Amino acid sequence: MATRTRSLRAIRRRKGAEPGAVVESASAPQSEQAPVDISPGDPLLAYLESAGGPVDLDSLELESPAKEELRSAGVQVVVPLVSQGELIGLLNLGPRLSEQEYSADDRKLLDTLAGQAAPAVRVAQLVREQEAEARERERVEQELKVATLIQQQFLPRELPDLPAWHIAAFYRPAREVGGDFYDFIELPEGKLGIVVGDVTDKGVPAALVMAMTQSLLGAEAPRLVSPSEVMERVNDLLVADMPPKMFVTCLYAVLDPSSGKLQYANAGHNVPYVATDDAVVEFRATGMPLGLLPGMKYEEKEGVLGPGDTILLHSDGLAEAHNGDREMFGFPRLMKHMEHRSTGEAVIDDLLKELDAFTGRDWEQEDDITLVTLQRSRHAPLFAEVLGARSSASSSQDGSPEKDRTLAEFEVASRPGNERTAMARITEAVEELDIPSARLERLKTAVAEATMNAIEHGNNNQADIPVGISAVVEGNDLVIRVTDQGGEKALAEVEQPDLEAKLAGEQKARGWGLFLIKNMVDEMNVDSDATLHTIELKFHLKGDGHGS
Amino acid sequence: MEARDLATDVRRQGDAAIVHLSGELNSSAEGPLNDAYDEITDVSTVILNFGDVQYINSTGIAVIVGVLGRARREGKSIVACGLMDHYKEIFQITRLADFMNIYPDEASAVAGMPAAS
């Protein structure tokens with residue numbers, strides 16, 4: 001602006017004219033003199049737009065507050081700057097210093113000057129607007145980066161690894177990052193906390209509230225466990241620090257992986273869907289969003305995820321996506337999809353495919369999309385995971401400095417005779433331990449009997465259900481674990497069979513397996529949960545090292 | 001691993017019958033062993049020769065218990081020979097050894113038989 005004012009002055013000086021003229025931009029008033037505000041509705045503006053040349057204010061008959069104000073500021077002549085029919089500024093002139101009237105020549109010169117100045121001013125205005133826009137864009141981009149960064153910091157880096165469960169998660173931020181979040185929280189007794197939430201608002205403020213909420217949940221969940229209590233506590237803590245007009249919808253569930261029991265509370269978040277073999281059910285619980293009002297109570301419900309069941313937790317981004325016809329993807333469509341769900345990670349993949357087909361190619365995602373699925377496996381848990389998790393858990397409990405050494409880890413199908421395979425593989429795996437032959441024979445019998453027991457009694461000879469077997473050196477022990485899926489069956493106490501009764505035909509001849517195992521090993525332990533049943537066989541190895 | 005069914009060979013030796021067993025002694029041995037036992041009618045002692053048995057499991061133990069029970073009800077005695085040390089131990093643990101004499105080999109089993117009356 002300064003440059004332009006200087007050039008106008010220079011022109012006037014060359015002509016011997018008066019200083020003190022100001023350029024007044026209609027859109028952004030700025031001058032060395034006190035600017036005069038002209039209200040957009042003032043009739044003077046309409047008049048000047050079509051005046052077609054300099055206007056003498058003293059002789060102008062017009063009811064206009066702006067005219068009076070300009071006159072009292074000492075303005076005598078106003079030259080409208082018009083570009084493409086639009087009034088973009090005014091050139092205001094006071095009385096000539098010579099105290100003479102503006103001549104016809106003066107007016108002509110001013111008119112010419114205005115005609116040339118107007119496009120230049122317009123260009124300058126546009127440049128300035130664009131610069132401001134660019135700065136704003138940069139600021140928004142920067143804010144997006146910060147928001148994304150915060151968001152990424154708080155998303156879980158890896159998914160929990162639960163035997164017999166398949167957990168999948170998907171998070172895709174909208175361009176203007178929303179406040180979605182999800183998390184998994186390790187809880188006492190092997191339970192797992194699952195969080196899916198959404199902060200109203202977008203950008204950095206939402207990201208910060210998200211971070212705060214997630215930190216509070218992470219801190220309170222292991223301490224309180226009960227979902228409703230966790231929600232109540234987090235709500236009260238959030239209310240104090242929540243920015244106005246913001247709140248958090250959130251679903252918090254606690255899974256007991258061994259039984260499939262799911263306790264949950266819902267603070268106004270989308271209702272999770274559970275797909276069973278027969279139907280899709282909603283896991284509803286009532287509660288206000290977090291951070292609105294103190295002292296809120298949250299309903300706590302409990303459900304069970306049976307073998308083969310899948311639960312879907314989801315944020316608004318999917319169900320509220322619109323297609324080109326402004327039709328919404330909608331919850332019914334989502335529910336219907338769950339009815340025809342497939343297995344594995346495919347639930348999420350298939351949902352996204354369906355969303356793509358629905359919205360079409362050019363869709364710009366409206367809101368963050370967060371999807372979390374937990375699927376309980378129908379049959380086989382991944383034994384390697386179970387056994388691995390158990391052996392590492394036991395070593396950390398012992399606090400033993402010696403690292404466990406896994407010699408073998410495999411599965412056999414539940415077919416009669418496969419105990420021989422198990423026996424052979426274990427024999428091969430423990431060869432390096434140089435176990436004396438008598439003890440090795442006992443070990444072989446124990447492994448074969450434990451495997452037979454698992455095949456027949458644990459898995460009922462169902463070939464598609466595997467028996468998991470591992471051999472691990474743990475300190476001075478060789479530990480062999482044989483796992484089947486007969487977890488719910490109680491195991492009878494191991495007693496000395498009554499041979500006399502059996503010989504007399506009063507009892508059936510069978511029933512020697514567990515008794516034999518117990519007498520073959522140094523220690524036998526049985527570990528059972530709702531699904532899995534593990535017989536643990538321990539053999540003390542001689543010496544202090546790894547039994548060599 | 002292919003399970004090998006139990007094969008039996010029955011021979012008479014004086015007042016005894018010798019049942020030579022080869023293969024695996026598991027639940028599938030129930031038929032062969034009982035069939036072999038059925039062949040033996042007028043003897044007081046049955047010698048089970050385990051010399052060619054490499055594997056006995058708990059269901060095999062049950063099969064032996066079944067045959068031993070039959071023999072006891074019929075007033076016959078059963079003796080075992082040729083058992084691997086490991087299975088000898090198992091016969092002791094299961095107390096089968098309390099109800100059948102165990103000899104290292106067939107010769108000592110035959111020699112150890114009570115004299116024919």
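## Getting started

Helices (H or I, at least four residues) and strands (E, at least two) are DSSP runs, numbered from the N terminus. By that count, chain A has 14 helices and 19 strands. This is a predicted model, where local features need pLDDT of at least 70 and side-chain atom pairs count only at pLDDT 80 or more, while totals for chains, interfaces and linings use all residues. Residues are numbered from 1 along each chain as its sequence is written, and chains are lettered from A, with ligands numbered from 1, in the order in which they are written.

## A sheet in chain A

Let's look at one open sheet of chain A: its five strands come in the order E15-E16-E17-E19-E18, with antiparallel pairing. Two strands pair if DSSP finds at least two bridges between them. At the edges sit E15 (405-413) and E18 (523-528) of chain A, each pairing on one side only. On average, neighbouring strands of this sheet are turned by 15° against each other, direction ignored. E18(A) is joined to E19 (residues 533-540) of chain A by six bridges, and the two run antiparallel. A:Glu523 has A:Lys538 of E19(A) opposite it.

Two helices lie across strands of chain A. H12 (residues 437-458) of chain A lies across E15, E16, E17 and E19, at about 175° to E19(A). For these angles, axes are lines fitted to C-alpha atoms, for helices over the stretch in contact, and angles run from 0 to 180 degrees between N-to-C directions. As for contact, two residues have it if their C-beta atoms, placed from the backbone, lie within 7 Å.

## What's inside

Of the 548 residues of chain A, 37% count as buried (20 or more other C-beta atoms within 10 Å of a residue's own). A nonpolar core is a set of buried Ala, Val, Leu, Ile, Met, Phe, Trp, Tyr and Cys residues joined through C-beta atoms within 7 Å. The largest one has 71 residues, and A:Val447, B:Val46 and B:Ile47 have the most contacts inside it. A second, separate core of 55 residues includes A:Ile185 and A:Tyr264.

## Where the chains meet

The contact takes 19 residues from chain B and 20 residues from chain A. On the side of chain B that touches chain A, helices H2 (58-73) and H3 (85-93) of chain B are the elements that give two or more residues. H2(B) gives the most, with nine residues.

Definitions and conventions:
Buried ≥ 20, exposed ≤ 12 C-beta atoms within 10 Å, placed from the backbone.
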